[in-house]
Amino acid sequence: MEIRKLELCEHEDSRRLYEEVFDEDSPSFVAYYYTEKTRDNQIYVVEEDGKIRSMVHLNPYQLYVNGSGKDINYIVAVATQKEYRKRGYMAALLKRALRDMYEAGQLFTFLMPASESIYLPFDFRTVYEQRGKFCQEDEAAQDVSVEAVRDSDCRKLALSANRSLTEKYQVFAIRDEAYYQRLIKEYESDGGKLKIYRRDGEIVDCRGDYPGEVQEPSKIMVRIVDVRRMLMALSLRSLTGVCFCVTDPVIKENNRCVALTGTEFSGVMLMDGKQENAEGTVSIAALGSLIFGKKTVEEICLEDGVEMTGRMKAEMEKMIPLSAIYLNETV
C-alpha cells in the first residue's frame, strides 16, 4: 500500500474509481467535476497492485469565518473500491489529509457524510443541515422577475450575496465571479438552472432549479484542524480567563494545554498553559461541537474525555459560538 498526493496532471487517473463508486452521478456531472473541480483541488490516493484503490479529495474554498477570510478544504469523493474495503485505507487517507491541512495552517475542515457514523471516530461532528433554496413555478411574486443566471450577472450576484450573507451568518463560502460561473455549470451538468430573482432591477435572491426534483436536506460535519487557530478566530462575551487541556488522537500538535484570555473588545488571546494550572480537559470533537454551536458547555461535559471545574464551565460559556452557518455547497 502506498499513500500519496497526486500531481495535478494525474488527477484524471482517479476518474475511473469515482465513476465506479459514485455510479449514481450522471456522466455529465462527472464530466463537470473532472473539468472544473479537479482543476485546483488536492487528491490523496492509496495505490495497490499498481492502481488507485482509495481516494479522498480536498476541494478548496475561502470561507468567511467570524469576520475574516480563511482558506478551508471541503472533503469530498471519499471512496474505496469494493474489493479493497475494510483494510484501513480511508482512515489512513483521512489522517494524512488532516495532518497536511494542519501543516498548511487551516482552522477546520468540513464534509457531507454518506453516513455520520463513518466520520465520528475521526472526531467530525454534525453542526449544520443544508437548507438549499430551489425554484417553484408559483413562488415568485408578481413584482419579481426570474431568469437564468448569465455570466454577465455573476459579479453583481457575488457582491449582493456576500453583503447579504455577512449580515446573517458567521460562517459561509465567500462568493466571487468565478464561484457563480462554476455554479452555473454545476447546475447545468444535471439538467438544472441557476436562477436570479430581481425586483425593480435589483437582485433579491438566487436559487437553483432542478425540474421535477425534491432536494433532500444534507448534513454537514466539521472537524477542528488547528485548535489554536480555531480558538483565536472566536469572539468573547466579556472578560475571560481559563486554562485547559485539549486532546486529539490524530493531530498530535493539538494535544496541549492552553491559557485563553481576552475581552469582548480584544477577542481571544492564547498562550501555552501549564498542566498543573489546567481547570479541565476537552476532546477535540467536543470542542468542535461547542465552537460551532451544536452543543452547550453542559452538554459536552457529558461526553467521554471531557472534565471541567465549575469555574471553567462559566468561562467557556463566555465564548461566542459560530452557530450562524451557511454551507450549502455540494462539491
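**Exercise 1. Find what a side-chain oxygen of D176 reaches at the start of α6.**

Step 1. Look for a polar contact, a pair of N or O atoms within 3.5 Å; within protein, one must be able to donate a hydrogen and the other to accept it, and residues adjacent in sequence count only if both atoms are side-chain atoms.
Step 2. The oxygen of D176 comes to within 3.2 Å of the backbone nitrogen of A178.
Step 3. Note the basis. The model is predicted: local features need pLDDT of at least 70, side-chain atom pairs count only at pLDDT 80 or more, and totals for chains, interfaces and linings use all residues. Residues are numbered from 1 along each chain as its sequence is written, and side-chain values use heavy atoms, with hydrogens and water left out.

**Exercise 2. Describe α6 by its span, its buried residues and its packing.**

Step 1. Helices (H or I, at least four residues) and strands (E, at least two) are DSSP runs, numbered from the N terminus.
Step 2. The expected span of a helix is 1.5 Å times one less than its number of residues. With 13 residues, α6 reaches 19 Å from first to last C-alpha, close to the expected 18 Å.
Step 3. Buried means under 20% relative accessible area, exposed over 50%, partly exposed in between (1.4 Å probe, protein chains only). Y179, Y180, R182, L183, I184, E186, Y187 and S189 of α6 are buried.
Step 4. Contact means heavy atoms within 4.5 Å. The buried residues of α6 pack against α2 (27-36), β3 (51-65), α5, β8, β9 and β10.
Step 5. After α6 comes G191, with a positive phi near 80°.

**Exercise 3. Check the length of α5, then place its buried residues and D153.**

Step 1. The 15 residues of α5 (residues 154-168) should span 21 Å at 1.5 Å a residue; the end C-alpha atoms are 21 Å apart, which agrees.
Step 2. Buried in α5 are C154, L157, A158, S160, A161, N162 and L165.
Step 3. These pack against β8 (171-173), α6 (177-189), β9 (193-199), β10 (202-209) and β19 (325-326).
Step 4. D153 sits in the loop between β7 (144-148) and α5. D153 is buried, at 6% relative accessible area. Leaving out residues up to four places away in sequence, D153 touches A148, I196 and R198.

**Exercise 4. Work out the order of the open sheet of 5 strands and find its edges.**

Step 1. Two strands pair if DSSP finds at least two bridges between them.
Step 2. The order is β15-β14-β13-β16-β17, with mixed pairing.
Step 3. β15 (267-272) and β17 (307-308) each have a single partner strand, so one side of each has no neighbour in the sheet.
Step 4. β14 (residues 256-263) and β15 run antiparallel, joined by 6 bridges. G262 has V268 in β15 as its bridge partner.
Step 5. Helix α8 (residues 284-291) lies across β13 (240-247) and β16 (280-283), at about 85° to β16. Here axes are lines fitted to C-alpha atoms, for helices over the stretch in contact, and angles run from 0 to 180 degrees between N-to-C directions.

**Exercise 5. Count the aromatic pairs and classify Y74 with F110.**

Step 1. Rings of Phe, Tyr and Trp (its six-membered ring) pair if their centres lie within 6.5 Å; planes under 30 degrees apart count as stacked, over 60 as edge-to-face and the rest as tilted.
Step 2. The count comes to 12 aromatic pairs.
Step 3. Y74 and F110 are stacked, 4.4 Å centre to centre with 10° between the planes.
Step 4. Y74 is in strand β4 (residues 68-80) and F110 in strand β5 (residues 108-111), 36 residues apart.
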